[in-house]
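Notebook open, structure loaded. I'll jot down what I look up as I go.

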Amino acid sequence: MFAAERRQLILEMVRANGAVSLRELARVVQTSEVTVRRDVRALEAEGLLDRRHGGAVLPGGFTRESGFPQKSHLATAEKTAIAELAAGLVEEGEAIVVGAGTTTQELARRLARVPGLTVVTNSLLVAQALAHANRVEVVMTGGTLRGSNYALVGSGAEQSLQGLRVSRAFLSGSGLTAERGLSTSNMLSASVDRALVQAAAEVVVLADHTKLGTDTMFQTVPTDVITRLVTDEPPAHDDRAITELQALADQGVEIAVASEEGARGRTPRQDMPLPGQRRTHVPPGQQLRSAALAEAGPARVADLRRR
């Protein structure tokens with residue numbers, strides 16, 4: 001594929017999705033991330049898109065929200081690994097809340113194997129994933145259906161969560177920064193997510209590396225409220241995502257990094273936690289890897305990858 005054709009395809013993908021990771025672009029155009037990064041730089045120089053944290057976004061500050069069909073095809077391997085790791089945090093008989101999103105939908109598919117679980121959700125897709133699970137009770141909020149992500153929002157959803165208390169909330173979003181925490185592009189979704197957080201003793205954020213350092217319009221979970229972040233391993237060149245992870249850890253967020261190998265059932269690797277954080281409990285037999293980002297920054301991360 002010639003450079004002009006490749007760049008046109010990259011531009012069309014970004015226009016269709018709002019934000020696309022370098023990994024996904026490289027996969028679609030069937031070339032290396034190095035080549036894609038060079039193409040993205042050229043398109044940015046023409047003002048056609050912006051480079052952002054291991055990917056490309058529409059030009060002009062805050063990223064817009066993509067629709068569900070586009071989101072469901074982005075970073076699929078990363079979301080699968082994150083969901084597999086996060087499912088290992090849930091114990092038999094727990095009561096939890098699960099927010100809307102493509103990553104939380106992947107989590108729900110894995111929660112179907114946890115007996116005695118009660119899941120409160122405003123997501124039709126989460127509820128559907130658990131509908132036929134044995135010994136899993138699903139409780140849906142009220143509210144108005146938001147078709148773009150199949151979530152119930154509005155005052156009905158928020159009121160149905162009043163007085164609720166569960167052990168954990170699992171949430172996703174459009175962006176995550178150490179400065180503002182988790183954020184999303186839609187005001188109604190943000191309001192319901194805040195109500196979900198109020199119902200939980202702990203908050204677990206599920207976010208792949210492309211969302212790290214991305215800031216969107218409406219804050220849902222401040223950084224000091226986030227108990228744990230479950231994410232995937234940033235690419236070696238993505239210094240901004242690595243720096244953002246370190247900044248989150250410095251503010252007391254426990255970080256667990258999932259590997260695609262773990263999601264495929266290979267033997268997981270457990271590394272040391274980030275400086276100052278508590279070691280995340282890893283249930284026996286779970287295919288996951290604990291966080292392993294280093295005091296010395298990107299160079300240390302590269303060392304850990306070579307182990």
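This is a predicted model: local features need pLDDT of at least 70, side-chain atom pairs count only at pLDDT 80 or more; totals for chains, interfaces and linings use all residues.

**Entry 1, overall.** I looked up the secondary structure and got 12 helices and 15 strands. The chain has 307 residues, and 54% of them count as buried. I then turned to contacts between residues at least 6 apart in sequence: 65% of these join residues at least 24 apart.

I went to the loop between β5 (117-121) and α7 (124-130), where S123 sits. Buried or exposed, this S123? I put S123 down as buried, because its relative accessibility is 1%, and the cut-off for buried is under 20%. Next I checked what the side chain of S123 does: one of its polar atoms lies 3.2 Å from the backbone nitrogen of L125. I also listed the contacts of S123, leaving out neighbours within four places in sequence, and found G99, A100, M140, Y150 and A151. Two of those names, M140 and Y150, come back in the next entry.

Which residues make the nonpolar surface patch of about 330 Å²? I noted L124, M140, L145 and Y150. I placed M140 in strand β6 (residues 136-140). M140 goes down as partly exposed because its relative accessibility is 35%. Y150 is in the loop between β7 (144-146) and β8 (151-153). For Y150 I also read 35% relative accessibility, so Y150 is partly exposed.

I found R135 in the loop between α7 and β6. R135 is exposed, since its relative accessible area is 52% and exposed means over 50%.

**Entry 5, strand β15.** How many of the residues of β15 (residues 254-258) are buried? I counted 5 of 5, so I wrote the strand down as mostly covered. In a regular strand the side chains alternate between the two faces of the sheet, so I sorted by face. E254, A256 and A258 are on one side, I255 and V257 on the other, and all are buried, so both faces of β15 are covered. For its pairing I looked at β14 (residues 228-232), which runs parallel to β15 and is joined to it by 5 bridges. I picked out V230 and found that its bridge partner in β15 is A256.

Last stop was helix α2 (residues 22-29), where R23 is found. What does the side chain of R23 make a polar contact with? I found the side chain of D232, at 3.3 Å. A polar atom of the R23 side chain also lies 2.9 Å from the backbone oxygen of E233. I then took the C-alpha distance from R23 to P235: 8.8 Å, for two residues 212 apart along the chain.

Technical notes. Residues are numbered from 1 along each chain as its sequence is written. Side-chain values use heavy atoms; hydrogens and water are left out. Helices (H or I, at least four residues) and strands (E, at least two) are DSSP runs, numbered from the N terminus. Buried means under 20% relative accessible area, exposed over 50%, partly exposed in between (1.4 Å probe, protein chains only). A polar contact is a pair of N or O atoms within 3.5 Å; within protein, one must be able to donate a hydrogen and the other to accept it, and residues adjacent in sequence count only if both atoms are side-chain atoms. Contact means heavy atoms within 4.5 Å. Patches are made of residues with over 30% relative accessible area and no salt bridge: like charges are joined within 9 Å, nonpolar side chains (Val, Leu, Ile, Met, Phe, Trp, Tyr) within 5 Å. Accessible areas come from the Shrake-Rupley method with a 1.4 Å probe; for residues, only the protein chains shown count as cover. A salt bridge is a side-chain nitrogen of Lys or Arg within 4 Å of a carboxyl oxygen of Asp or Glu. Two strands pair if DSSP finds at least two bridges between them.
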